[in-house]
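Subject: Structure handover and notes

Hello,

Please keep it on screen while you read, and look up each residue as it comes up.

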Amino acid sequence: MPLPSRLLLALITLFFSACARTPRGLPPPPEAPNLTAVARLHLTAPGKRLSARTVILVRPGILYAEALSPWGEVLFRLWFRRGTVVWVEGPQGPMQAFRFRPFPDPLDEVLPYLLLGRWPPGAPLELGKGYRLKLERGSLVLTFLQRPLLKVSLKPQGVLLHCPPLHTTLELRLARLTPEGPEIPPLPRITPQSVDLRSLLLPEGD
């Protein structure tokens, strides 16, 4: 069964941006523009739990993740680029695609690195279009229209991501993080469904 589209939001709304002078407490900068990580992924959401070994490739403005079962089978593949997420179940299984809006341009560059607990130097905290990132008790909190959207916490083993509106938590226990690595596979050809974040995060009547 493919993960519900609301969980896709949790997987990709994870992360976002800081002002020209980097405040103390932000994650360390990436070691290189291109990063490759091997991690253990743990996803907890209402009615759903997932644990898998995951390979994550980060390049400027794009992220690719591939989750494997204990037997080496591909559980899912995921691309993020320019506010669009493409999700493929299994090696060649059912496919879903979503384009989230509004989605400020700075998120495209920052989000992939933040997922791995890294922070591009000079990235802005004020994002525009209702988004803002702030430091709160050692964690980064992304707000949208003054509502908490995502909390990013650095842990000794990796990164913990929590999405309060969806009651969803994603933990990445990093086993290895290295520069460079293989090329990201090309995005599958599919027309994404447009998703207005305001309709997901704001109560009716707001």
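A nonpolar core is a set of buried Ala, Val, Leu, Ile, Met, Phe, Trp, Tyr and Cys residues joined through side-chain atoms within 4.5 Å, and buried here means under 20% relative accessible area. Please bear in mind throughout that this is a predicted model.

The cores

With that definition in hand, the largest nonpolar core has 44 residues, and those with the most contacts inside it are Ile56, Leu63 and Tyr131. The largest share of this core, six residues, is contributed by α2. There is also a second, separate core of eight residues, and among its members are Ile62, Trp79, Val86 and Val88.

How much of α2 is covered? The helix is mostly covered, since eight of its eleven residues are buried, and these are Leu107, Asp108, Val110, Leu111, Pro112, Tyr113, Leu114 and Leu115. Just after α2 comes Gly117, which takes a positive phi of about 75°.

Next, please look at strand β5, which spans residues 84–89 and is mostly covered, with five of its six residues buried. On one side of the pairing list is strand β4 (residues 74–81), which pairs with β5 in the antiparallel sense over six bridges, and within this pair Phe76 stands opposite Glu89 in β5. The two strands form a hairpin with two residues between them, and Arg82 in the turn has a positive phi of about 55°. Strand β5 also pairs with strand β6 (residues 95–101), again in the antiparallel sense, over five bridges, and here Val88 stands opposite Met95 in β6. The hairpin of β5 and β6 has five residues between the strands, and in it Gly90 takes a positive phi near 65°. As background for reading such strands, in a regular strand the side chains alternate between the two faces of the sheet.

Salt bridges

A search of the whole structure finds six salt bridges, and I describe some of them here. Arg118 forms one with Glu31, with the closest N and O atoms 3.3 Å apart. This pair links distant parts of the chain, for Arg118 lies in the loop between α2 (105–115) and β7 (126–128), while Glu31 lies in the loop between α1 (5–12) and β1 (35–45), 87 residues apart. Are the two partners buried or exposed? Arg118 counts as buried because its relative accessibility is 16%, whereas Glu31, at 52%, counts as exposed.

The side chains of Arg101 and Asp196 meet in another salt bridge, at 3.7 Å from N to O. This pair too links distant parts of the chain, with Arg101 in strand β6 and Asp196 in strand β13 (residues 193–196), 95 residues apart. Asp196 also takes part in a salt bridge with Arg198, where the closest N and O atoms are 3.0 Å apart. Arg198 counts as partly exposed, at 38% relative accessibility. Arg101 is itself partly exposed, with a relative accessible area of 40%.

Two single residues

Which strand holds Arg53? Arg53 is in strand β2 (residues 48–59), and it is partly exposed, with a relative accessible area of 39%. Leaving aside its neighbours within four places in sequence, Arg53 is in contact with Ala39, Arg40, Glu66, Ala67 and Leu68. The C-alpha atoms of Arg53 and Ala175 are separated by 9.7 Å, although these residues are 122 residues apart along the chain.

Ser153, in turn, is in strand β10 (residues 147–155), and it is buried, with a relative accessible area of 10%. A polar contact of 2.7 Å joins the side chains of Ser153 and Ser139. Leaving aside its neighbours within four places in sequence, Ser153 is in contact with Ser139, Gly158, Val159 and Leu160.

With best wishes

Notes: Residues numbered from 1 in each chain as written. Predicted model: local features only at pLDDT ≥ 70, side-chain atom pairs only at ≥ 80, totals over all residues. Heavy atoms only, no water. Buried < 20%, exposed > 50% of the residue type's maximum accessible area, 1.4 Å probe, protein only. Helix = DSSP H or I, 4+ residues; strand = E, 2+ residues; numbered from the N terminus. Pairing = 2+ DSSP bridges. Salt bridge = Lys/Arg side-chain N within 4 Å of Asp/Glu carboxyl O. Contact = heavy atoms within 4.5 Å. Polar contact = N/O pair within 3.5 Å; in protein donor to acceptor, adjacent residues only side chain to side chain.
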